[in-house]
Amino acid sequence: MYGPDPANPHPMEGFPQVCFIKNTVKNPNIIIGDFTYYDDPEDSENFERNVLYHFPFIGDKLIIGKFCAIARGVQFIMNGANHNMAGFSTFPFYIFGNGWETAQPQAGDLPYKGDTVIGNDVWMGYQALIMPGVKIGNGAIISSRSVVTSDVPAYSIVGGNPARVIRQRFTDETISRLEKLAWWDWPVEKITRHLPAIIAADVKALPDE
């Protein structure tokens, strides 16, 4: 056998706080890749509680790639949190009815920033907050308690509120090669064979195919 079983929610014996969440998420608008885990001593299988304002009638998706590490308290704000800002008031009168339903916004009135897409091999630190429609590139690192309001380049480290790029992890040439190799899509057996090069950042030792 090569590597842990991605279908086993708790791959680390004695550590129920670590959960492969692909098979525990029920919402069809939350898509999780193999081996992505959530680390939380308080019900790690209930990752969905961290996806906020995710109303089915809006239809936006949260897409998280493979081999991502999600720390405790990471939260995703979805498009349902948005209010209409075109009028004098941002108050959502229509949700309370009793005559106020006449203020129901029309399609396109509410801000909509699209799907939130997290790449592969992304590390999201403790209590990071990801805002609607953000795209985070492969291999990025999100520092603890960052508020990510805009797209994050691949293999960059971001931090702060709002999050800004602190530095790029590797050279442009190495990043380009890693993006083309997409090792996270390799069969598990191949990943296992090349683990020494992956963890040592030895890009020259990785095969082209």
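**View 1. The second largest pocket of this predicted model is lined by 19 residues.** Among the lining residues, F57, I58, Y94, P105 and L110 lie nearest the pocket's centre. The volume of this second largest pocket is about 390 Å³. Its lining divides into eleven nonpolar residues, seven polar and one charged.

**View 2. The largest pocket has a volume of about 710 Å³.** Its lining is made of 31 residues. Nearest the centre are F67, D121, W183, L195 and I198. Helix 3 gives the most, with four residues. By type, the lining of the largest pocket holds 24 nonpolar residues, four polar and three charged.

**View 3. R72 pairs with E42 in a salt bridge.** Their closest N and O atoms are 2.7 Å apart. R72 sits in the loop between strand 6 (69-70) and strand 7 (75-77), and E42 in the loop between strand 3 (37-39) and strand 4 (51-52). The two residues are 30 residues apart. Both belong to a network of salt bridges that also links D40 and R49.

**View 4. K66 forms a salt bridge with D185.** The closest N and O atoms are 3.1 Å apart. This pair links distant parts of the chain, 119 residues apart. K66 is partly exposed, at 25% relative accessible area. D185 is also partly exposed, at 48%.

**View 5. R177 forms a salt bridge with D208.** Here the closest N and O atoms are 2.4 Å apart. R177 lies in helix 1 and D208 in the segment after helix 3, so the pair ties together parts 31 residues apart in sequence. R177 is partly exposed, at 23% relative accessibility. D208 counts as exposed, at 63%.

How values were computed
Residues are numbered from 1 along each chain as its sequence is written. This is a predicted model: local features need pLDDT of at least 70, side-chain atom pairs count only at pLDDT 80 or more; totals for chains, interfaces and linings use all residues. Side-chain values use heavy atoms; hydrogens and water are left out. On a 1 Å grid over the protein atoms alone, a cavity is a set of points where a 1.4 Å probe fits but cannot get out, and a pocket is an open set with protein on both sides within 12 Å along at least five of seven lines; lining residues have an atom within 4 Å of a point. Grid points are joined across faces, edges and corners, and a volume is the space filled by probe spheres set on the points. Ala, Val, Leu, Ile, Met, Phe, Trp, Tyr, Cys and Pro count as nonpolar, Asp, Glu, Lys and Arg as charged, and the others, Gly among them, as polar. A salt bridge is a side-chain nitrogen of Lys or Arg within 4 Å of a carboxyl oxygen of Asp or Glu. Buried means under 20% relative accessible area, exposed over 50%, partly exposed in between (1.4 Å probe, protein chains only).
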